Structures are given as structure tokens and as C-alpha cells.
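Please give me a short briefing on this protein, written for someone who has not looked at it before.

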Amino acid sequence: MKNVRLFWIVGIVLLLAGQSLCAQTKKEKKEQKAKEVKELIESKRFTIDVNRAIPMGGRSLTLTSPYSLEMRGDSAVSYLPYFGRAYTAPYGGGDGLRFEKSITDYLCSFNKKGTAQIQFRAKTDEDIYAFSVQIFSNGSASINVTPVNKQNITFYGELAPKKEE
């Protein structure tokens, strides 16, 4: 009878110890992910893969083609679609939000939870775009684009993993 009781006590202790080890690994993984995200943002070299768009006054659209916003130091490469009303547009409709331009007014800050707030402007031949990007510590992101001559549009996506060079 003592062996059965000892077996149960040892089993419970091992079960509790195993759960705390798993919890630590989950916490460590979360902290590691947050650290990687912060390093990418501070390097100003990252890509956000977009999978959803919400035009102003419209409903959410799931994007099936690969769209992205890439930061390359002091320039931005935007390969994003545009849905919404344009107040003025160039002949032929223009390129929407597809450009590779240098950026101005770059600001980056982090809050207590590790969420990055990035703001910058990009000027193209068609319009001037104000970007407001939020990147959370788990890698998810939202991009709000405010053009001068078009309605606002918001995109949601994920921070792409760092490419091996």
C-alpha cells in the first residue's frame, strides 16, 4: 500500500513540475519572438506581408495575392492594392500604392507592451502618403495609409521572417 501511495505522490510532483517547465518554455518563446521583432524594427529593414484590406467605408477584403510593405532603411517599397474613392487620379488610373521611394518624417516608438508605432511619409508622382504602422510583439501588424487625394485604407498582416543572406 505504501508503494501505491508513493507512486501517486511522485506522479503528481512530476506532473506539476512538467507543467511549470512547459509554461516557462512558452514564456521564453514569446520573449524571444518579441526580441526578434524589436531587432528587426530597430534595424529599419523588415517586410510586412499583408493578407487583409479594409477600405474607408467598406468591408474587409481578404487578399489572395502576395502584397507587402518593405522598409529598407531610408526608403519604402510598397506593393499594396488600393480600394476606395480617389478624389483626383492621373490619366489611366495610376499605380495605386505601388512604389519604391525614399521616406521622410520617420518616427518610431515602443510602448510598455512592446508594440511599435512607426510613422513616415512617402511622396510619389501621383500623391503624398502618410503611413502609420503598428507592429505588435507577436509579429502581427496593421498599416494605415492616408493619401492626400484618396480615401484612407487599412491593411493587416504579419511581419515576415528575416531572410537569410
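**Briefing**

D105 lies in strand β4 (residues 97–110), where helices (H or I, at least four residues) and strands (E, at least two) are DSSP runs, numbered from the N terminus. This is a predicted model, in which local features need pLDDT of at least 70 and side-chain atom pairs count only at pLDDT 80 or more, while totals for chains, interfaces and linings use all residues. Residues are numbered from 1 along each chain as its sequence is written, and side-chain values use heavy atoms, with hydrogens and water left out. The protein has 1 helix and 8 strands, and along the sequence these follow the pattern α-β-β-β-β-β-β-β-β.

**Overall figures**

- Of the 165 residues of the protein, 32% count as buried, where buried means under 20% relative accessible area, exposed means over 50% and partly exposed lies in between (1.4 Å probe, protein chains only).
- The accessible surface comes to about 11300 Å², and 54% of that surface belongs to carbon and sulfur atoms; such areas come from the Shrake-Rupley method with a 1.4 Å probe, and for residues only the protein chains shown count as cover.
- Among contacts between residues at least 6 apart in sequence, 44% join residues at least 24 apart, a contact being heavy atoms within 4.5 Å.

**Strand pairing around β1**

- Strand β1 (residues 45–55) runs antiparallel to strand β2 (residues 61–72) and is joined to it by 8 bridges, two strands being paired if DSSP finds at least two bridges between them.
- Within this pairing, T47 stands opposite E70 in β2, and the two strands form a hairpin with 5 residues between them, where G57 in the turn has a positive phi of about 75 degrees.
- β1 also pairs in the antiparallel sense with strand β8 (residues 153–159), over 7 bridges, and here P55 stands opposite I153 in β8.

**Rings and charges**

- A search of the whole structure finds 4 aromatic pairs; rings of Phe, Tyr and Trp (its six-membered ring) pair if their centres lie within 6.5 Å, and planes under 30 degrees apart count as stacked, over 60 as edge-to-face and the rest as tilted.
- Y67 and Y79 form a stacked pair, at 5.4 Å centre to centre and with 25 degrees between the planes.
- Because Y67 lies in strand β2 and Y79 in strand β3 (residues 75–80), this pair ties together parts that are 12 residues apart in sequence.
- Y67 is buried, with a relative accessible area of 13%, whereas Y79 is partly exposed, with a relative accessible area of 40%.
- The ring centres of F120 and F131 are 4.8 Å apart and their planes are at 5 degrees, so this pair is stacked.
- F120 is in strand β5 (residues 116–123) and F131 in strand β6 (residues 128–135), so that the pair links distant parts of the chain, 11 residues apart.
- Both F120 and F131 are buried, and ring pairs link F99, F120, Y129 and F131 into a cluster.
- K38 lies over the face of F110, at 4.9 Å from the ring centre, and the charged end of K150 sits over the ring of Y82, 5.3 Å from its centre; a charge sits over a ring if NZ of Lys or CZ of Arg is within 6 Å of the ring centre and within 35 degrees of the ring normal.

**Core and buried residues**

- The largest nonpolar core has 31 residues, and those with the most contacts inside it are I48, F120, F131, I135, I143 and F155; such a core is a set of buried Ala, Val, Leu, Ile, Met, Phe, Trp, Tyr and Cys residues joined through side-chain atoms within 4.5 Å.
- A122 lies in strand β5 and counts as buried at 1% relative accessibility.
- G139 is found in the loop between β6 and β7 (140–147) and is buried, with a relative accessible area of 0%.

**Backbone angles**

- K44, in the loop between α1 (2–43) and β1, has a phi near 60 degrees, a positive value in a residue other than glycine.
- D105 has a positive phi of about 55 degrees although it is not a glycine.
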